[in-house]
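Please look over the structure shown below.

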Amino acid sequence: MVRTLCERVHRADLAGRARADRRRHPGPGRRTVTSALSIMGLRESATFTTFHRVLNRNRWSPRDLACRLLHQLVGAFVPEGPVVMAIDETIERRWGAQIRARGIYRDPVRSSHGHFVKAAGLRWISLMLLAPIPWAGRVWALPFLTVLAPSERYARERGQRHKLLTDWARQMLLQVARWVPERQIIIVADMSYAAIELLAAVRRHLTVITRLRLDARLFDPPPVRQPGQIGRPRVAGPRQPTLAQRLTNPATRWRQVTISHWYGEQDRGLAIASGTALWYHPGKSVPIRWVLVRDLAGELEPQALLCTDLAADPVDIVSWFVRRSSRPSHYRLRVAHPPQRPRGGTLMTMCG
């Protein structure tokens, strides 16, 4: 099963590489195919020419390949229970005349809260399955779908509407929800995806967990409209205290828990408080469950999380979110050539 899975990943990645090889260099890209066959142990196979014919004569849809890879990963590593995924972006530093979609972005690795570092390159958004690997004793991030998010200048020069990061994320998340409609999908993300519009658009199809600002505007749900009541319907109820105020309020009810494998490390004792609210901004709103997290040892700053599933257990929310710790060590985008535009009009590629 593992070998078959690796072969599928290599073949999916090979499709894009072979097309780019033919564009850059005349010929069918023999070195790329031969190297892949050697990795898979098929170098001495008598039917090795079949791989060349498939890659240079057939038309490939990276979206279909991503769907097949996702089902293989879920069947192998998460046969039951919630399917936990992570969404994140990365910058690929590429130069050249054919790299037209590159832009200047914040470098997430070298930047900090007080230090801003710019990086030029291609911005890719990736969806990864966060799967517990029994023989590794930890969670691995296994990418299966990657989308190129071009810069605003790229869209302006071509007279196109620029799509925000959250627009691409909405399309990707709804696509995944259609691929596995029978499973509960949990998406964990950083604060870049804590947007009311995005959460409201996908909350009926899957669950999203992100960080939440401590000064977010939280309200009670709007009161039930009484028969014969006149006037405009209320869109929000009374305003709740901010999460920063709840941190210092002696009346806040805390619950002490232990979270296993806290960001890939040992177990950590935490105090958590949770509740439901309507995250409201004029013209838009979304119901959420908020979770305040405080380190009992006092080594970490308090933080807040949100979850679009109001019935989710706060301990599960924190446990799912800290699975993102598997992303930095295993998340590596493998794109060796300029992006190709497959059928369907969406820039998508495979990564493994």
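Leaving aside neighbours within four places in sequence, which residues is threonine 252 in contact with? Threonine 252 is in contact with Arg246 and Ala273, where contact means heavy atoms within 4.5 Å. This is a predicted model, in which local features need pLDDT of at least 70 and side-chain atom pairs count only at pLDDT 80 or more, while totals for chains, interfaces and linings use all residues. Residues are numbered from 1 along each chain as its sequence is written, and side-chain values use heavy atoms, with hydrogens and water left out.

**The chain as a whole**

- The chain has ten helices and twelve strands; these are DSSP runs numbered from the N terminus, with helices (H or I) of at least four residues and strands (E) of at least two.
- Of the 352 residues in the chain, 49% are buried (buried is under 20% relative accessible area, exposed over 50%, partly exposed in between, with a 1.4 Å probe and protein chains only).
- Among contacts between residues at least 6 apart in sequence, 63% join residues at least 24 apart.

**Threonine 252**

- Threonine 252 is in the loop between helix H8 (243-248) and strand S8 (255-259).
- Its relative accessibility is 14%, so threonine 252 counts as buried.
- A polar atom of the threonine 252 side chain lies 2.7 Å from the backbone oxygen of arginine 246.

**Aromatic pairs**

- The whole structure holds two aromatic pairs (rings of Phe, Tyr and Trp, the last by its six-membered ring, with centres within 6.5 Å; planes under 30 degrees apart are stacked, over 60 edge-to-face, the rest tilted).
- The rings of phenylalanine 77 and tryptophan 135 are tilted, because their planes stand at 55 degrees, with centres 6.3 Å apart.
- Phenylalanine 77 lies in helix H4 (residues 62-77) and tryptophan 135 in the loop between strand S3 (118-133) and strand S4 (138-148), so this pair ties together parts 58 residues apart in sequence.
- Phenylalanine 77 is buried at 18% relative accessible area, whereas tryptophan 135 is exposed at 59%.
- Phenylalanine 219 and tyrosine 280 form an edge-to-face pair, 5.5 Å centre to centre with 85 degrees between the planes.
- Phenylalanine 219 is in strand S7 (residues 218-219) and tyrosine 280 in strand S9 (residues 268-281), so the pair links parts 61 residues apart in sequence.
- Phenylalanine 219 and tyrosine 280 are both buried.

**Cysteines**

- The whole structure has zero disulfides (a disulfide is a pair of cysteine sulfur atoms within 2.5 Å).
- Cysteine 67 is buried at 18% relative accessible area, and cysteine 307 is buried at 0%.

Terms used: A polar contact is a pair of N or O atoms within 3.5 Å; within protein, one must be able to donate a hydrogen and the other to accept it, and residues adjacent in sequence count only if both atoms are side-chain atoms.
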